Amino acid sequence: MSHTHPFKPIFDKNSKILILGSFPSVISRKFGFYYTNPQNRFWRVLAAILKAAVPESTDEKIKFLLSHHIAIYDAAISCEIEGSSDAKMSKIIPVNLEPIFSGARIAQVFANGGKAYEICKKYLEDEIIKATKKEAIKLPSTSPANAKFRLERLAKEWQIIVKNSKIQI
């Protein structure tokens, strides 16, 4: 079944980091916001690496991201997908990142998982390199489907956002 991305990117003029997922899960589409599946570790991982409390409400999540200069969106604006499985994504149409790149000072793009990274490499690489002078960095997925990565290991891998981006976030 074909789906179109149901929500806008989260960013402001001070955003320096852009984290791209693949496409919202069934649960996220139902609740109308990013990473709302309680099994997805996205918010817990970010809170851990930023040494902050895990944001709960949508408003708290938006404030949390913007206060740490982080923008989020997904790499696909539309696709055919069965359930929430990245492996079942087809007929992918990539997002237009221009509004984010022109409205913020993104210095580094990170892909949340293999499918997001694959979409970045296949469709968005030129745009990302032109805007940031760097390739997107692949991070292990925070999805519950990535069961081999426990929260601590994810946080360790995601630490690159804080450590190697040379950006005060």
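Okay, housekeeping. We're looking at a predicted model, where local features need pLDDT of at least 70, side-chain atom pairs count only at pLDDT 80 or more, and totals for chains, interfaces and linings use all residues. Residues are numbered from 1 along each chain as its sequence is written, and side-chain values use heavy atoms, with hydrogens and water left out.

Let's start with helix 2, residues 42–49. How many of its eight residues are buried? Six of them, so helix 2 is largely enclosed by the rest of the structure. Buried here means under 20% relative accessible area, exposed means over 50%, and partly exposed is in between, with a 1.4 Å probe and protein chains only. The buried ones are Phe42, Trp43, Val45, Leu46, Ala47 and Ile49. Among the elements covering them are strand 2, strand 3 (70–74), strand 6 and helix 7 (160–163).

In general, two packed helices are described by the angle between their axes and the distance between the axes. The axes are lines fitted to C-alpha atoms, for helices over the stretch in contact, and angles run from 0 to 180 degrees between N-to-C directions.

Helix 2 and helix 3 (residues 58–67) have axes that come within 12 Å and cross at roughly 40 degrees. They are therefore oblique to each other; under 35 degrees would be roughly parallel, over 145 roughly antiparallel, 65 to 115 roughly perpendicular, and the rest is oblique. Trp43, Leu46 and Ala47 of helix 2 meet Lys61, Phe64 and Leu65 of helix 3, where contact means heavy atoms within 4.5 Å.

With helix 6 (residues 151–158), the axes come within 9 Å and cross at roughly 60 degrees. That makes helix 2 oblique to helix 6. On the helix 6 side, the residues involved are Leu151, Leu154, Ala155 and Trp158.

Next, helix 5, residues 114–132. A straight helix of 19 residues would span 27 Å at 1.5 Å a residue, but this one spans only 20 Å between its end C-alpha atoms. The expected figure is 1.5 Å times one less than the number of residues.

Just after helix 5 comes Lys133, with a positive phi of about 70 degrees. Most residues other than glycine have a negative phi. Lys133 is in the loop between helix 5 and strand 7 (137–139). Is Lys133 buried or exposed? At 68% relative accessibility, it counts as exposed.

Tyr35 also has a positive phi, about 50 degrees, without being a glycine. Tyr35 is in the loop between helix 1 (26–31) and helix 2, and is buried at 12% relative accessible area.

Last one: Ser78, in strand 4. Ser78 counts as buried at 11% relative accessibility. Leaving out residues up to four places away in sequence, Ser78 touches His3, Thr4, Phe23, Lys91, Ile92 and Ile93.

How values were computed: Helices (H or I, at least four residues) and strands (E, at least two) are DSSP runs, numbered from the N terminus.
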